[in-house]
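Hello,

Here is the structure I promised to pass on. Please have a look, then read my notes below.

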Amino acid sequence: MTALAALMGRDIRIALRVGGGALIGVLFFLTVVVLMPFAVGPDLALLTRLGPAILWLGALLASLLTLDRLFMADHDDGSLDLIVMGRTPLELACAAKALAHWLAAGLPLVIATPLLGLLLNLDAIATSAVALTLLAGTPALTFTGMIGAALAVTLHRSGLLLAVLVLPLSIPVLIFGVAASQAAIDGSSFGAPFSILCALSLVGLVIGPVAAAASLRHGLD
Amino acid sequence: MRLSGRGVSCARGGRPVFSGLDFEANSGEALAVVGANGSGKTSLLRMIAGLLVLAEGSITIEGGGAELTLPEQAHYLGHRDALKPALSVIENLSFWRDFLGGERSDVSETLATVGLGHAALLPAAYLSAGQKRRLSIARLLTVNRPIWLLDEPGSALDAAGASMFAGMMNDHLARGGLIVAATHGPLGITARELRIGGRT
């Protein structure tokens with residue numbers, strides 16, 4: 001447990017320091033959402049209708065943007081070799097890294113959502129619905145995205161490749177995330193899409209670390 | 001404890017690097033891997049560390065922790081220092097102590113031993129190449145592992161650093177440790193030579 005806590009603590013600390021990149025995701029999220037009303041025009045009703053989708057799209061892109069750093073920094077400075085050799089199972093180490101990444105880069109997206117909801121003319125219920133679905137859904141993005149990050153670890157400038165690799169895995173999350181938010185706003189059934197969203201996160205939580213550890217073991221050179 | 005390799009072959013990118021290498025090292029013994037550039041010294045160390053797949057042959061460990069695999073009992077000091085520039089010297093070392101399961105030894109004391117006591121709170125980004133190497137060496141002292149795999153350990157070290165490290169390697173061997181080091185220069189300790197590739 002000490003080992004995993006140390007790994008998480010280190011990753012969060014690095015992310016929050018200068019050049020760590022925890023804020024890059026939030027700033028990108030902010031940029032996308034701030035630009036959207038200018039592109040769509042001053043139609044408040046339209047913005048309200050598109051709001052949840054815009055927020056989800058922004059959050060999805062923002063979390064893909066920072067994912068390539070998950071293993072690459074450790075690979076480049078040789079830390080990954082020592083993590084692979086260590087006595088902590090690699091699957092658990094991968095899970096700890098992904099969790100730390102979500103805490104540093106995913107959770108701030110959820111926290112920023114209420115503020116950004118104001119820009120899209122969303123009322124309190126709609127904003128909290130989107131924030132709740134993001135809270136339940138962004139772990140799925142991080143944990144499935146880590147598979148792509150592990151596959152692309154030896155390739156430099158792999159950010160775009162990673163986005164393409166994990167696209168099929170992130171589409172269901174986007175569909176059910178937006179569906180659950182819309183359901184909460186229309187007053188239709190919120191439970192079904194939200195449960196599926198939570199299920200996607202749980203599946204990612206189980207499969208992601210195992211798949212990432214397997215691809216890290218085979219990809220070392 | 002005995003580390004032995006039988007018929008070890010290495011291939012990188014589909015090309016054979018070396019083949020049919022036999023070696024053996026017992027507790028308290030150091031093996032100096034020598035050979036020309038590109039002869040596969042680093043590859044051999046990485047194969048022992050479990051970071052590279054053997055093309056043929058086997059590397060085994062007898063004795064030592066029965067429940068532990070070979071990589072779990074080894075330290076690997078590679079070309080890259082495994083340091084985070086954003087973290088301070090002491091944070092870097094404390095992390096590896098906690099992650100690799102080191103004893104609760106005093107980290108700042110170890111830093112003083114490798115001559116970095118004055119820089120403990122400095123971000124690792126500001127260290128020179130030699131100081132970074134000293135910090136990686138501090139990792140070997142903080143966490144107990146019987147096998148040390150060292151890749152060019154003397155690179156970037158000054159004369160005082162090299163003799164300090166030679167003293168540490170001798171202590172490690174005296175405690176029954178085992179060292180495999182890839183090197184071009186003298187190690188500063190008594191070591192059996194393992195030559196890879198025909199010519200140098």
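E152(B) counts as partly exposed, with 19 C-beta neighbours inside 10 Å. The cut-offs: a residue is buried if 20 or more other C-beta atoms lie within 10 Å of its own, exposed if 12 or fewer, and partly exposed in between, with C-beta atoms placed from the backbone. E152(B) sits in the loop between β6 (147-151) and α5 (159-174) of chain B. Its phi is near 50°, a positive value in a residue other than glycine.

Some ground rules. This is a predicted model: local features need pLDDT of at least 70, side-chain atom pairs count only at pLDDT 80 or more, and totals for chains, interfaces and linings use all residues. Residues are numbered from 1 along each chain as its sequence is written, and chains are lettered from A and ligands numbered from 1 in the order in which they are written.

Chain A has a residue to check too. N121(A) has phi near 60°, positive although the residue is not glycine. It lies in the loop between α6 (90-119) and α7 (124-151) of chain A. N121(A) is partly exposed, with 18 other C-beta atoms within 10 Å.

Now the contact between the chains. It takes 21 residues from chain A and 20 residues from chain B (contact: C-beta atoms, placed from the backbone, within 7 Å). On the chain B side, β5 (74-77) and α2 (89-100) are the elements that give two or more residues. α2(B) gives the most, with 4 residues. Helices (H or I, at least four residues) and strands (E, at least two) are DSSP runs, numbered from the N terminus.

Best wishes

Notes: Contact = placed C-beta atoms within 7 Å.
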